[in-house]
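Please work through them with the sequence and the model open.

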Amino acid sequence: MATNITWHPSLSRHERNQLRGQRGFTIWFTGLSASGKSTVATALEQHLLHIGLASYRLDGDNVRFGLNNDLGFSEKDRNENIRRIAEVAKLFADSSTIALTSFISPYRADRQIARDLHASASQPGGDDGLPFIEVFVDVPLAEAEKRDPKGLYKKARAGEIKDFTGISAPYEAPEAPEITIRTDLLSVEECVRKIVDYLAEKSLIDKTEETR
């Protein structure tokens with residue numbers, strides 16, 4: 001890291017939240033490929049926007065077309081992929097935007113780094129760290145393989161894809177996620193409702209916003 005840099009203070013997060021009329025935080029979707037992370041995250045983004053809350057979804061595939069197009073799928077590259085996204089999500093959350101991230105993010109240590117990054121984002125003037133909500137999109141591997149919309153599991157089983165999570169690379173399930181959803185048992189709408197109810201319960205969004 002460069003040493004000849006200086007942090008320039010801006011508005012306090014409290015001021016920004018008041019001016020924008022909402023709180024910023026990150027909802028981090030994690031789970032196997034084909035578990036339904038992007039589907040639920042997209043539906044949640046649409047719902048939040050519909051009730052007037054600024055939100056933005058960062059998708060595991062999409063960011064590899066730009067910000068992370070220099071990264072592969074080795075463990076080292078996966079670590080860096082998640083580190084960059086955690087930093088970007090933190091910036092969105094700090095701007096009083098709801099950041100939604102849908103990434104396999106297979107390693108607990110990487111997800112903990114993302115969580116700690118948000119927790120340590122306190123600012124002078126009384127701003128606490130940024131809320132970080134881990135959502136475990138939990139489906140059995142057999143169900144994910146059955147769905148396989150991109151044909152990736154089939155290629156991984158055939159040895160055509162190396163380091164594929166759940167087949168030739170590990171997935172470390174969260175030990176204490178804020179929310180767990182089973183997309184093989186619940187509809188997309190039911191998954192979104194479960195998350196929104198949690199956000200309202202924790203006062204991250206106002207219950208009245210649900211009636212807009």
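**Exercise 1.** Determine how the lining of the largest pocket divides into nonpolar, polar and charged residues, and state which residues lie nearest the centre of this pocket.

*Solution.* In this predicted model, the lining of the largest pocket is made up of 10 nonpolar, 10 polar and nine charged residues. The lining comprises 29 residues, and those nearest the centre of the pocket are Ser33, Lys37, Asp61, Ile104 and Lys150. Turning to secondary structure, the elements that contribute two or more residues to this lining are helix 2 (37–50) and helix 3 (75–94). The volume of the largest pocket comes to about 630 Å³.

**Exercise 2.** Classify the orientation of helix 2 relative to helix 7, and identify the residues through which these helices meet.

*Solution.* Begin with the geometry: the axes of helix 2 and helix 7 (residues 188–201) come within 9 Å and cross at roughly 60 degrees. Because of this angle, helix 2 counts as oblique to helix 7. On the side of helix 2, the residues in the contact are Thr39, Val40, Ala43, Leu44 and His47, and they meet Val188, Cys191, Val192, Arg193, Ile195 and Val196 in helix 7. Sorted by class, this contact of helix 2 with helix 7 holds eight nonpolar, two polar and one charged residues.

**Exercise 3.** Carry out the corresponding analysis for helix 3 and helix 4, giving the angle between them, the handedness of the crossing and the classes of the residues in contact.

*Solution.* Helix 3 and helix 4 (residues 108–119) pack with their axes 9 Å apart, at an angle of about 20 degrees. Since angles under 35 degrees count as roughly parallel, helix 3 and helix 4 are therefore roughly parallel to each other. The crossing in which helix 3 passes helix 4 is right-handed. Helix 3 supplies Arg78, Asn79, Ile82, Ala86, Glu87, Ala89 and Lys90 to the contact, while helix 4 supplies Asp110, Ala114, Leu117 and His118. These residues of the contact between helix 3 and helix 4 divide into five nonpolar, two polar and four charged.

**Exercise 4.** Locate Arg115, and find which residues it touches, not counting those up to four places away in sequence.

*Solution.* Arg115 belongs to helix 4. With residues up to four places away in sequence left out, Arg115 touches Phe132, Glu134 and Glu178. As for Val88, which is 27 residues from Arg115 along the chain, the C-alpha atoms of Arg115 and Val88 are separated by 13 Å.

How values were computed
Residues are numbered from 1 along each chain as its sequence is written. This is a predicted model: local features need pLDDT of at least 70, side-chain atom pairs count only at pLDDT 80 or more; totals for chains, interfaces and linings use all residues. Side-chain values use heavy atoms; hydrogens and water are left out. On a 1 Å grid over the protein atoms alone, a cavity is a set of points where a 1.4 Å probe fits but cannot get out, and a pocket is an open set with protein on both sides within 12 Å along at least five of seven lines; lining residues have an atom within 4 Å of a point. Grid points are joined across faces, edges and corners, and a volume is the space filled by probe spheres set on the points. Helices (H or I, at least four residues) and strands (E, at least two) are DSSP runs, numbered from the N terminus. Ala, Val, Leu, Ile, Met, Phe, Trp, Tyr, Cys and Pro count as nonpolar, Asp, Glu, Lys and Arg as charged, and the others, Gly among them, as polar. Axes are lines fitted to C-alpha atoms, for helices over the stretch in contact, and angles run from 0 to 180 degrees between N-to-C directions. Angles under 35 degrees count as roughly parallel, over 145 as roughly antiparallel, 65 to 115 as roughly perpendicular and the rest as oblique. Contact means heavy atoms within 4.5 Å. A crossing is left-handed if the near helix is turned anticlockwise from the far one by less than a right angle, and right-handed if clockwise.
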